[in-house]
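User: I'm new to protein models and would like to learn how to read one. Please take me through it feature by feature.

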Amino acid sequence: KRLKEGLSKTTQGITVKIEDLIKSYQKVDEELLEELEEVLITADIGVQTTMEIIDHIRDKAKAEKIKEPEMIKVILKDKLKEILGEFEDDQQLNIQPSPAIILVVGVNGVGKTTSIGKIAHKLKGQNKKVLLAAADTFRAAAVEQLKIWGDRVGVEVISHQEGADPAAVIFDAIQAAKARKVDVLICDTAGRLHNKKNLMNELGKISKIVEREYANATRDVLLVLDATTGQNAIQQAKIFKEATNISGLVLTKLDGTAKGGVIIGISQELKIPVKLIGVGEGVADLQEFDSNSFVNALFG
Ligand code: GDP
């Protein structure tokens, strides 16, 4: 239900438009497909994925002599499930077996700290012992924000002074995680994109520390992206993908956009699974991404 509410703007944007479109046609023809193409592209599903979908609908309609515009919804729904199903086995956080470490990357303002707080809360609810590391040391505000989230969800935060070496924070946090037998250590890292080389160096250094100090830990590297920024989010993701090994995406602020189709566009373009989606500012407003529920929420 929360998913449906969180996606209500997207539903308004895509579903309602598609339904209106379908109602205005008597039969499936090229004009209808063109209009559908436009709706999908406007919803940020991505040009390539949209083409693939439209071609599929055209072929299937022809092969099975489908005339009813209503049927398009069914074909579209199945096709979206098929496209998103590609990542079905990788949609879960990679945190088994314990201990696990999650590195969280993303540019400032996308909702990185908030997502970390929400993930910590979720894992605590699963009886996991969680520890946070404030390795975004370039902004005092980032460390403060993380501490506020730590207090809110009852999870300890390892931090250093502002300007400290992020890798040193990670080092300390790993030692603390080992000593306290923590199940999941979640690390907030800096998100400065202005210089790709810096980013690579910084993330490279952190990865080395993790490999050396926590070799047995299960690992996940999550990139947080703001869904409301659409194509910009895809550009950010491409840079991060070159700088480090991203194993999953967190798409935030889906409640604030009609372009929830970006979930499909981004995972297709980057070939990285969306693992979590943010649908609000509250602690419980983070959903595990499940492609079936997503498509069902979109198309009822
Ligand atoms: P950071 O700079 O990446 O750490 O970003 P923050 O975690 O501080 O979040 C930036 C703003 O986005 C805050 O006002 C958050 O409350 C808000 N935010 C984060 N996730 C979501 C979400 O899923 N939905 C909505 N509506 N707001 C969000």
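Analyst: Start with strands: they are DSSP runs of E with at least two residues, while helices are runs of H or I with at least four, all numbered from the N terminus. Two strands pair if DSSP finds at least two bridges between them. Here, D226 stands opposite T252 in β6. Bear in mind that this is a predicted model, where local features need pLDDT of at least 70 and side-chain atom pairs need 80 or more, though totals for chains, interfaces and linings use all residues. Residues are numbered from 1 along each chain as its sequence is written, and side-chain values use heavy atoms, leaving out hydrogens and water.

User: Which strands pair in the parallel sense over 5 bridges?

Analyst: That's β5 (residues 218-226) with β6 (residues 248-252). They belong to an open sheet of 8 strands, with mixed pairing and the order β3-β2-β4-β1-β5-β6-β7-β8. β3 (156-158) and β8 (286-288) stand at the edges with a single partner strand each, so one side of each has no neighbour in the sheet. From one strand to the next, the twist averages 25°.

User: What packs on the sheet?

Analyst: Contact means heavy atoms within 4.5 Å. Helix α6 (residues 112-125) packs on the sheet, touching several strands, including β1 (100-105) and β4 (184-189), and its direction makes about 175° with that of β4. Then there's helix α11 (residues 262-270), which lies across β5, β6 and β7 and runs at about 155° to β6.

User: How do I read two helices packed together?

Analyst: Two packed helices are described by the angle between their axes and the distance between the axes. Take α2 (residues 8-23) and α3 (residues 30-42): their axes come within 10 Å and cross at roughly 170°. Angles under 35 degrees count as roughly parallel, over 145 as roughly antiparallel, 65 to 115 as roughly perpendicular and the rest as oblique, and α2 and α3 are therefore roughly antiparallel. Among the residues making the contact are I14 and L21 of α2, plus L36 and V39 of α3. By class, the contact has 7 nonpolar, 1 polar and 2 charged residues. (Ala, Val, Leu, Ile, Met, Phe, Trp, Tyr, Cys and Pro count as nonpolar, Asp, Glu, Lys and Arg as charged, and the others, Gly among them, as polar.)

User: And how do I find empty space?

Analyst: Rolling a probe the size of a water molecule over the atoms shows where empty space is left. On a 1 Å grid over the protein atoms alone, a cavity is a set of points where a 1.4 Å probe fits but cannot get out; a pocket is an open set with protein on both sides within 12 Å along at least five of seven lines; lining residues have an atom within 4 Å of a point. Points are joined across faces, edges and corners, and a volume is the space filled by probe spheres set on them. The largest pocket holds about 360 Å³. It has 22 lining residues, and V110, G111, K112, T114 and K253 are the closest to its centre. α6 gives the most to this lining, with 5 residues.

User: What lines the largest cavity?

Analyst: L103, V105, L203, S207, V221 and T244 do. The largest cavity has a volume of about 30 Å³, and β1 and α9 (196-213) each supply at least two of its lining residues. That lining divides into 4 nonpolar, 2 polar and no charged residues.

Key: Axes fitted to C-alpha atoms, helices over the stretch in contact; angles between N-to-C directions.
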